[in-house]
Amino acid sequence: MTILLKSIEKELRAARILKDTFSVKILSTLLGEIQNKLHGQITDEAIIALIKKFSNNAQELARISGRSVTAELEIYDKFIPQQLTKGEISVIILDENLTNMKDAMAYFKTHYASRFNAADVKSCL
């Protein structure tokens, strides 16, 4: 079981204890999708991709319907790692003496999976 999956389950238990029906609904749906869609291939990266999909769908719903989805997005944001800024990427590239895209991508995938944008890495090289 991944750290992120444990974190979602812990948050769901807390929401149930607090009788926070909105959070229970969102987290239960998310957990069900993780279990149904990812089957035995549950990784933090796959979970993050699914959470981002849920978040994007909520934002699209808000755009189309005008409905506020702020509370829902706050729940998803708890589980999405903060993306590295271009400044942080530049510092890492300099500190690690990365000089080409192949080495940089290998390094970032190993150490910062799901926390960087490849286009930002390319622009910082």
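Helices (H or I, at least four residues) and strands (E, at least two) are DSSP runs, numbered from the N terminus. The close-ups below come from a predicted model, in which local features need pLDDT of at least 70, side-chain atom pairs count only at pLDDT 80 or more, and totals for chains, interfaces and linings use all residues. Residues are numbered from 1 along each chain as its sequence is written, and side-chain values use heavy atoms, with hydrogens and water left out.

View 1. Lys37 and Glu33 form a salt bridge (a side-chain nitrogen of Lys or Arg within 4 Å of a carboxyl oxygen of Asp or Glu). Their closest N and O atoms are 3.7 Å apart. Both residues sit in helix α2 (residues 21-38), and because they are four residues apart, about one helical turn separates them. Lys37 is partly exposed, at 48% relative accessibility. Glu33 is also partly exposed, at 23%. Buried means under 20% relative accessible area, exposed over 50%, and partly exposed in between (1.4 Å probe, protein chains only).

**View 2. Helix α3 packs against helix α4.** Two packed helices are described by the angle between their axes and the distance between the axes. Helix α3 (residues 44-65) and helix α4 (residues 70-77) pack at about 165°, with axes 10 Å apart. Therefore α3 runs roughly antiparallel to α4. Axes are lines fitted to C-alpha atoms, for helices over the stretch in contact, and angles run from 0 to 180 degrees between N-to-C directions. Angles under 35 degrees count as roughly parallel, over 145 as roughly antiparallel, 65 to 115 as roughly perpendicular and the rest as oblique.

**View 3. The residues between α3 and α4.** From α3, the contact (heavy atoms within 4.5 Å) uses Ile51, Phe54, Ser55, Ala58 and Gln59. From α4 come Glu72, Leu73 and Tyr76. Five of these contact residues are nonpolar, two polar and one charged. Ala, Val, Leu, Ile, Met, Phe, Trp, Tyr, Cys and Pro count as nonpolar, Asp, Glu, Lys and Arg as charged, and the others, Gly among them, as polar.

**View 4. Arg67 meets Glu72.** Arg67 forms a salt bridge with Glu72. The closest N and O atoms lie 3.7 Å apart. Arg67 is partly exposed, at 45%. Glu72 is buried, at 11% relative accessibility.

View 5. Lys78 pairs with Glu11 in a salt bridge, with the closest N and O atoms 2.7 Å apart. Lys78 lies in the loop between α4 and α5 (86-95), Glu11 in helix α1 (residues 3-17), 67 residues apart. Lys78 is exposed, at 53% relative accessibility. Glu11 is partly exposed, at 28%.
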